Amino acid sequence: MNLDTPSSPHIHSGVRINSMMLRVCLALVPAIIAYTWFFGWGLCINILLAVATALCAEALMLRIRQRPIAPFLTDGSALVTGLLLAFCIPPFAPWWITVMGAAFAIIVAKQLYGGLGYNPFNPAMVGYVMLLISFPLEMTQWVPPNIVNQLEIGFIDTLNIIFTGNFPYQLSIDALTMATPLDTIKTELGLNVTVTEIIRGNAIFGDFGGVGWEWVGNWVLLGGIWLIYKHIISWHIPVALLGSLVIISFFFFMLDPDAYPSPMFHLFSGATLLAAFFIATDPVSASTTPRGRIYYGIGIGVLIYVIRTWGGYPDGVAFAVLLMNMAAPTIDYYTQPRVYGHPKAHHTIHPSRRDDGDKP
Amino acid sequence: MQRLFQFHGGVQLKEHKRDATAQPVQAARLPRQLVLPLQQHIGTPAEAIVAVGDKVRKGQLIAKPVGVISAPVHASSSGTVVAIAKHAVSHPSHLSAPCIIIDTDGEERWTEDRQPVADYHQLPPEAIRARIRDAGIVGMGGAGFPAHVKLDPSQHAVDTLILNGAECEPYITCDEMLLREHALEVIVGLRIMRYALQARRCIIGIENNKKAAFLALREQVRNTGADFIDVVQVPTVYPTGGEKQLIQVLTGMEVPSGGLPLDIGVVCHNVGTAYAVYRAIEFGEPLISRYVTVAGSVAKARNLDVLIGTPVIDLIEECGGNRNTLSRVILGGPMMGVALHDVTVPVTKTTNCILAFAKTGDVPLASKGSQPMPCIRCGNCAEACPVDLLPQQLYWYARAKDFDKIQDYHLFDCIECGCCDYVCPSQIPLVHYFRYAKTEIWAQQHEKALANIARERHQFREQRLEREKLEKQQRHQQKRAALDAQKGDAGSSADAAKKAAIQAAMERAKNKREANTIQPRNIDNLTPDQQRKIDEANARRKALEARADVGAAQDSEQ
């Protein structure tokens with residue numbers, strides 16, 4: 001008789017990395033639908049492109065690094081990276097933008113650092129920032145929802161735009177793209193126009209943020225809340241991030257409503273909600289202690305506001321996340337919880353431990 | 001109404017408790033052979049006082065305790081000692097341990113020296129403790145600490161005696177069944193313990209998924225009018241049944257790290273221990289049997305009243321398990337139990353549950369065969385940890401063998417409950433890593449201690465040699481001084497004469513030396529020719545000497 005003799009515990013919750021990652025993808029489905037509704041089929045094609053590229057790059061790198069391919073390819077992490085990156089790329093961006101971003105995210109930001117669990121930065125954000133810095137033109141061409149609707153750009157049209165660069169009706173991309181709500185606010189504020197005037201005079205603004213953007217935001221929020229409810233992510237980072245962003249934007253908004261947009265605008269514009277629930281909560285690159293996650297979230301919220309308001313980029317989410325990724329290990333070190341039976345948490349700065357008294 | 005507190009983390013587990021509680025407890029079949037390990041507790045193993053071939057009776061002392069933290073062993077049934085030898089026991093490293101093996105005769109004849117106590121109040125607390133010690137009672141919740149030691153308040157004033165009825169691991173129901181069937185006896189046992197400890201009040205903590213047991217206890221407390229006993233329901237969260245966690249839930253206090261519950265005026269015992277104490281005092285019976293849950297993929301999961309020393313396989317087969325289809329047998333619960341390598345391992349005083357899983361069983365056992373994934377720092381482990389550790393960091397440092405850093409992160413506060421492992425989406429065997437790190441650190445400390453001893457021994461040797469040398473010198477000096485003193489008494493005149501004679505001799509010798517060093521006369525009045533020859537000879541000698549010097553220098557260089 002041969003008996004198994006593994007060490008305890010002998011049971012497991014059954015929650016695996018891939019089931020966590022799949023739930024993250026599932027939580028994004030409502031937002032994907034809303035996005036497609038407002039901005040056309042571009043996102044769906046981008047998702048397919050990005051995910052396929054991410055998986056191929058992952059498989060290639062695992063092969064080169066001589067790691068087992070099947071378990072890592074099916075863990076769902078490359079899937080999530082591709083999905084999140086596709087979410088950040090303009091829906092009608094040329095195909096090579098998406099492919100390049102996804103490949104860079106997986107190969108450089110993830111696999112070159114050691115693969116799953118070892119990347120210090122969020123791969124999707126690294127891919128996005130690389131694209132944003134290298135191809136600013138392609139990365140800022142957004143076709144707003146009203147134009148997508150007017151022109152009735154269908155699935156085939158979208159494929160055509162993405163792969164050949166040919167817009168329907170012989171229109172050019174320059175003719176169709178417009179600044180995003182965040183862009184508009186930033187540029188117009190620079191021209192001494194008040195926030196109220198900017199919003200009133202422009203069709204891309206809806207109730208809180210941009211017309212389509214705010215709806216996508218709603219559904220992202222819904223998916224995020226579901227993730228918290230399912231214990232896939234903890235509440236700390238989203239609450240801290242959104243809380244700090246609301247507080248700081250409310251403060252400036254009260255100071256001068258003409259010069260600073262309202263907290264609601266900040267929440268429902270750009271990638272704020274996506275960052276709060278899906279990007280900043282990437283466990284590998286985020287802080288892991290409960291208190292640390294709060295500081296980490298606050299840091300991102302504040303940085304988003306600072307970059308949006310006084311920085312050179314209209315949306316600071318990617319930079320804020322990457323900057324806080326760098327701080328995560330230090331935050332973790334100084335936010336160790338107080339262990340049961342100890343008077344207070346232990347965090348000395350010097351690495352050498354207590355002297356054991358074994359000096360002669 | 002008792003106010004309850006919460007401990008950090010913990011996990012909700014599927015209970016699997018229904019099956020084994022469906023029928024009353026019954027006595028297990030008498031095994032053909034009993035295997036009684038000399039060590040069934042934490043501390044020093046007992047010492048056998050019977051020999052092979054001896055006839056023993058039920059309840060007879062067969063091994064006596066050694067030292068304070070130790071417990072005696074009694075024969076669980078009558079029969080013949082057939083061996084005192086190593087036998088497979090429950091041990092994570094598959095070690096075997098010395099056991100007394102008894103062939104039972106089926107007669108169940110009791111020993112005659114049982115001494116029931118009619119009224120325990122007549123005896124002083126020390127005498128009660130002595131009787132509990134003589135009955136071989138150890139903590140029956142799993143750790144097996146000798147009960148009499150934990151019933152000794154020593155210098156502390158004990159405020160609260162907690163009885164642990166929070167059986168939080170899945171499948172295990174032996175305490176629950178004991179409370180259902182013997183609530184009154186447990187309460188009497190508790191009162192005896194309270195008397196031994198001189199504690200002010202008692203709390204019985206019981207998980208709120210054991211309604212019947214709770215009601216039975218409350219009923220008996222009311223009947224006996226023991227108003228100093230609170231029966232309290234606590235939330236069903238694993239590991240509420242951990243001593244430190246239960247104390248926290250019931251009192252809000254934390255046992256200091258590295259300390260004992262006694263340090264905060266609390267003592268915690270298992271309900272099974274209270275029952276054993278009751279039997280020891282009321283009937284003079286030693287601890288020779290206990291309730292054991294047999295569950296898993298056996299046909300009839302149930303609780304049995306088992307003689308200590310019964311082989312595990314006997315019980316599995318009695319409950320409809322099949323020896324040939326077993327794939328994993330766990331002693332204890334699925335979270336902290338030890339997987340057995342041998343099914344002839346005996347039930348000991350600390351065995352509360354036997355889980356037998358068949359190969360084709362539909363039981364959700366963790367398959368440790370699959371390769372764990374890398375840690376993604378999701379923090380689920382830290383969220384689940386009941387002592388608020390950061391298992392993900394501990395794991396990191398254990399892998400890096402950074403044993404200093406891992407202690408900074410309080411490795412030794414880990415209670416090995418397995419919550420982190422249970423929730424880890426990467427299926428990393430975290431507890432396994434922590435055990436490994438602890439063992440390594442203990443080994444290092446042991447080596448360091450040995451090195452220290454060796455160094456001290458060396459230093460002592462050096463000091464001793466030095467001291468002996470000094471003593472020798474002193475002895476010599478003393479001896480000489482003594483001799484001098486003797487001579488000194490002989491008279492100073494003779495001494496003076498002797499000195500004068502010595503002086504004269506020395507003078508003579510000096511004159512003689514001076515006479516010898518006088519220059520030879522034949523170098524005076526030399527002719528120039530003679531002088532030249534002498535000079536030439538001197539020059540040659542000098543040249544030769546110089547050459548010899550050069551040669552020597554070269555030799556040394558080579």
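How many helices and how many strands does chain A have? Chain A has 18 helices and zero strands. Before I go on: this is a predicted model, and the values I give are computed from it.

Let me stay with chain A. There are 360 residues in chain A, and 54% of them count as buried. The C-alpha trace spans about 80 × 55 × 35 Å along its principal axes. A compact globule with 360 residues would have a radius of gyration near 21 Å, and chain A has 22 Å, so the two agree. As for contacts in chain A between residues at least 6 apart in sequence, 75% of them join residues at least 24 apart.

Next, the surface and charges of chain A. Its accessible surface comes to about 15,700 Å², and carbon and sulfur atoms account for 66% of that.

Now to chain B. Here we have 14 helices and 17 strands. Chain B has 558 residues, of which buried residues make up 46%. What is the radius of gyration of chain B, and what would a compact globule of 558 residues have? Chain B has 40 Å, whereas the globule would have a value near 24 Å. Along the principal axes, the C-alpha trace of chain B spans about 140 × 70 × 55 Å.

On contacts, take those in chain B with a separation of 6 or more: residues 24 or more positions apart account for 73% of them. Chain B has 67 positive side chains and 64 negative ones, and the centres of the two sets lie 5 Å apart.

Last topic, the cysteines. A disulfide is a covalent bond between the sulfur atoms of two cysteines. How many disulfides does a search of the whole structure find? Over all chains, the search finds zero. Take B:Cys414 as a case: the nearest cysteine sulfur belongs to B:Cys420 and is 6.3 Å away, and B:Cys414 is in no disulfide. The cut-off for a disulfide is a pair of cysteine sulfur atoms within 2.5 Å.

Is B:Cys414 buried or exposed? B:Cys414 counts as buried, because its relative accessibility is 13% and the limit for buried is under 20%. B:Cys99 is buried as well, with a relative accessible area of 0%.

Note on methods: Residues numbered from 1 in each chain as written. Chains lettered and ligands numbered in written order. Heavy atoms only, no water. Buried < 20%, exposed > 50% of the residue type's maximum accessible area, 1.4 Å probe, protein only. Helix = DSSP H or I, 4+ residues; strand = E, 2+ residues; numbered from the N terminus. Rg over C-alpha atoms; globule rule 2.2 N^0.38 Å. Contact = heavy atoms within 4.5 Å. Lys, Arg positive; Asp, Glu negative; His and termini not counted. Charge placed at Lys NZ, Arg CZ, Asp CG, Glu CD. Areas by Shrake-Rupley, 256 points an atom, 1.4 Å probe, with all protein chains shown as cover.
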